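Trainee: I am new to this one, and I would like to understand its strand pairing. Please take a close look at that part with me.

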There are 2 protein chains.
Amino acid sequence: MSLDAILARIDADLNPALERLFDLLAIPSISTDPAHTPDVRRAAEWLRDDLASMGFDAALHDTPGHPMVVGQYDGPGPHLLFYGHYDVQPVDPLALWDHPPFAPMLEDTPKGRVIRARGAADDKGQLMTFLEACRAIVAETGRLPCKVTVFVEGEEESGSPSLVPYLKERGQALKADLALICDTGMFSDDVPAITTQLRGMLGEELVVTGPRIDLHSGMYGGIAMNPIRVLTRILAGLHDDQGRVQVPGFYDGIEELSPELAAQWAGLGFDEGAFLGEVGLSQPAGEAGRTGLEMIWSRPTAEVNGITGGYTGAGFKTVLPSQASAKVSFRLVAGQDPIRLRERFRDWVRAQLPPDCSVAFHGHGASPASRMDITHPAFEIARRALSQEWPGEAAFIGGGGSIPVAGYFKQILGMDSLLAGFGKDDDAIHSPNEKYDLSSFHHGTRAWARILSGIAGS
Amino acid sequence: MSLDAILARIDADLNPALERLFDLLAIPSISTDPAHTPDVRRAAEWLRDDLASMGFDAALHDTPGHPMVVGQYDGPGPHLLFYGHYDVQPVDPLALWDHPPFAPMLEDTPKGRVIRARGAADDKGQLMTFLEACRAIVAETGRLPCKVTVFVEGEEESGSPSLVPYLKERGQALKADLALICDTGMFSDDVPAITTQLRGMLGEELVVTGPRIDLHSGMYGGIAMNPIRVLTRILAGLHDDQGRVQVPGFYDGIEELSPELAAQWAGLGFDEGAFLGEVGLSQPAGEAGRTGLEMIWSRPTAEVNGITGGYTGAGFKTVLPSQASAKVSFRLVAGQDPIRLRERFRDWVRAQLPPDCSVAFHGHGASPASRMDITHPAFEIARRALSQEWPGEAAFIGGGGSIPVAGYFKQILGMDSLLAGFGKDDDAIHSPNEKYDLSSFHHGTRAWARILSGIAGS
């Protein structure tokens with residue numbers, strides 16, 4: 001196949017590709033809102049039909065929630081699975097949008113032309129880069145150069161409740177040599193990136209109970225145990241004064257960054273001051289002696305995401321509450337077992353309870369960190385492909401958040417993932433006025449064509 | 001004057017006295033609810049007319065809020081000021097009342113006959129004990145035996161916003177040799193009490209700000225300072241492991257309990273286990289080495305009355321909030337200056353802030369503790385009077401809460417107060433099904449007749 005011809009066709013077809021993307025963006029597929037269930041299905045059907053139009057054997061697979069879109073293309077060579085999601089976040093507060101969120105438009109900004117709509121970046125624009133690359137290859141060469149399965153879910157923005165059951169039940173049909181996931185971002189405006197490690201997450205909610213009922217601090221203040229006092233003391237002990245997490249065994253099993261990755265990360269010239277300055281901060285608050293990128297990509301954390309107890313309205317009420325609670329999350333890295341850490345955290349809390357206090361725990365998510373096998377040849381192919389489309393050399397980076405599907409592919413299907421995406425920090429995903437750079441859409445499409453071509457030829 | 005005849009008249013007139021009280025209780029004088037403003041005024045007018053019917057020169061004094069009721073009786077001998085309040089708490093949740101809150105009724109309970117209505121104990125029933133005593137004395141002897149000013153406010157349940165301005169502007173007309181305040185309770189069912197010391201209160205709200213906006217813990221977790229972490233660390237340091245408050249200078253100027261009061265309190269047989277057991281606790285949580293009564297009556301405290309930050313709804317959100325806040329109150333005892341302690345607390349907090357965090361303070365109440373001069377002869381007169389009406393000997397007790405008016409009388413008018421009241425712990429003031437024991441109403445009226453007679457003859 002002639003890569004140049006394919007790339008030329010992508011360039012020539014940019015406008016029709018945008019029209020297709022706008023059709024998909026116009027469908028308000030908000031998965032968390034039951035009122036939009038028919039719209040979510042409509043987006044799935046749109047994708048199924050689009051895949052079929054390129055020669056995929058495409059179908060919707062119903063789940064207890066929203067359907068999975070699955071397309072199979074039986075080409076030669078290695079088998080690739082592409083993952084994306086067609087559902088989007090809610091649009092509240094609607095008043096903060098400058099244009100209707102489901103009336104997609106192109107807009108010129110000081111930083112270039114952007115596609116403005118809910119879902120433009122997360123994830124409809126990203127997933128369409130892959131489909132447009134496939135379309136151009138099929139149009140130019142008559143077929144895809146490898147076996148490709150496209151797997152698009154409609155519940156990513158509402159916790160993917162059907163994903164794990166689906167993978168367990170029907171995942172073998174999806175199992176490929178490698179999964180390609182397009183739901184991540186660039187390192188910077190000019191430097192594309194392949195995310196090779198993602199932190200895991202453990203969420204815990206704890207409710208400390210002291211007295212049976214709320215008490216008046218005039219009558220009981222001084223003699224009765226206040227559960228806020230107990231909770232704040234426990235939470236204050238989560239970190240020592242070097243920023244290290246104090247739950248026993250927390251750091252067990254964690255490996256240091258490889259010298260290669262450490263050198264690559266150092267070469268990225270991450271501007272800690274600028275990164276923090278954008279949000280009004282200046283000092284890194286993590287473990288002493290770690291770089292900023294380590295703090296967000298390769299070191300585990302403990303954070304209190306929410307705390308409440310007593311009277312929190314306007315004015316003042318001298319109450320000693322019966323209960324106080326907090327939501328605590330841990331970002332995990334490779335080597336940490338979330339289930340084991342959950343128990344260690346709970347034991348650590350229980351050991352600090354004074355007499356007369358009890359604690360109840362509610363477990364939230366528990367997903368291990370992901371670390372990709374970057375020795376797979378596709379990683380170098382993808383790095384070259386991305387480097388050819390943007391000014392800067394593509395980097396292998398870490399991700400501070402979780403993309404649970406990568407973990408599920410590994411755990412349930414034994415399949416590695418390659419995460420390449422073209423989002424920018426200012427895309428405002430999940431926020432009003434979400435956008436996707438036109439250059440991300442265009443060069444992203446070209447990059448996938450290069451990657452598919454490279455993998456087919458490897 | 002013949003005390004026996006007066007007491008006999010009180011006994012004989014109990015039913016008409018109850019009818020008068022029920023008339024007043026039927027007026028829904030909820031001061032905090034603007035919809036009830038006309039009712040609040042109606043209660044004031046009712047009291048003005050009742051005072052006038054006994055020969056008081058009575059008037060309403062308008063304020064920016066609800067009116068003050070002032071009645072002057074120009075008798076011989078010492079000048080006494082009586083204080084009460086005619087407004088009541090809201091009645092929500094109405095569904096928890098067994099009877100309509102403003103349809104007063106007598107009800108027989110296992111512990112005796114009670115008056116059931118909003119305001120029965122707080123404070124209409126209590127204030128009417130004094131007025132009924134005056135009525136019986138006037139009816140039996142033709143006049144009151146001393147100069148009496150009755151001063152009844154209508155904003156006590158909504159923070160008394162007009163009280164201090166009124167006292168500053170027109171308080172000289174109220175200044176008496178001693179103020180009598182009837183808004184407190186018995187020590188136990190059989191042991192009446194005179195409250196000789198009340199804790200003061202300092203309320204502070206602090207808002208810690210870290211990042212400019214809420215952050216996602218995937219992207220920023222580890223590198224960005226979380227203000228909940230800062231706030232919990234500061235609040236956890238409020239107490240040491242002996243329960244002592246750690247704000248520098250907090251205990252400066254506090255005197256130990258006098259041996260006499262300590263002995264009297266020890267003699268009360270306070271059952272710490274029962275007191276705590278009622279609210280599901282067993283261990284006193286205050287300063288090590290202090291008795292339970294010291295903890296609630298004569299030692300200062302620090303309590304977090306409310307805390308909030310981050311996501312506190314259902315489920316989980318991995319947010320690093322921009323802000324976290326807490327409401328902290330200090331119960332103060334004699335010798336502590338609330339204004340000075342406010343500054344010390346703020347300095348102590350500021351000194352603990354890490355880089356990148358700021359704190360804003362909002363001051364709430366700041367009232368010093370009150371300690372009455374129990375060498376005033378009225379205290380022994382009142383103690384004898386109360387001891388003659390109940391099975392147990394009357395006690396000089398402390399109060400854990402604040403009755404700000406006693407402090408204002410002292411600060412603004414230089415006037416001491418004697419606090420005698422007949423409420424019970426189970427009166428459910430501020431709650432549904434508020435009640436006042438019929439025996440409290442009856443013996444309270446008799447006790448005031450004894451006290452007035454005693455003070456006049458002293």
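Mentor: Let's start with one pair: A:Arg116 has A:Lys435, in E18(A), as its bridge partner. What we are looking at is a predicted model, where local features need pLDDT of at least 70 and side-chain atom pairs count only at pLDDT 80 or more, while totals for chains, interfaces and linings use all residues. Residues are numbered from 1 along each chain as its sequence is written, and chains are lettered from A and ligands numbered from 1 in the order in which they are written.

Strands count as paired if DSSP finds at least two bridges between them. Strand E5 (residues 112–116) of chain A meets E18(A) over three bridges, in the antiparallel sense. Together with E4 they make an open sheet of three strands, ordered E4-E5-E18, with antiparallel pairing. Strand E4 (105–109) and strand E18 (435–437) of chain A are its edges, each pairing on one side only. On average, neighbouring strands here are turned by 35° against each other, direction ignored. Such angles are taken between N-to-C directions of lines fitted to C-alpha atoms (for helices over the stretch in contact) and run from 0 to 180 degrees.

Elsewhere in chain A, E1 (residues 57–61) and E2 (residues 68–73) pair in the antiparallel sense over five bridges. One of the bridges links A:Leu60 to A:Val69, and a hairpin of six residues joins the two strands.

E11(A) and strand E11 (residues 301–310) of chain B pair in the antiparallel sense over five bridges, with B:Gly310 as the bridge partner of A:Gly306. The open sheet built around this pairing has eight strands, in the order E14(A)-E9(A)-E13(A)-E11(A)-E11(B)-E13(B)-E9(B)-E14(B), with antiparallel pairing. Its edge strands are E14 of chain A and strand E14 (358–367) of chain B, each pairing on one side only. From one strand to the next, the twist averages 20°. H7(A) packs on this sheet, touching strand E9 (200–209), E11 and E13 of chain A as well as E11 of chain B, and its direction makes about 15° with that of E13(A). From chain B, helix H7 (residues 227–236) packs on the sheet too, touching E11 of chain A together with E9, E11 and E13 of chain B.

How does this fit the whole meeting of the chains? In all, 64 residues of chain A are in contact with 64 residues of chain B; contact means that C-beta atoms, placed from the backbone, lie within 7 Å. E11(A) gives the most to chain A's side, with nine residues. That side has 26 nonpolar, 29 polar and nine charged residues. Here Ala, Val, Leu, Ile, Met, Phe, Trp, Tyr, Cys and Pro count as nonpolar, Asp, Glu, Lys and Arg as charged, and the others, Gly among them, as polar.

The same surface serves both copies, since 100% of the contact residues of chain A recur in chain B.

Conventions
Contact = placed C-beta atoms within 7 Å. Helix = DSSP H or I, 4+ residues; strand = E, 2+ residues; numbered from the N terminus.
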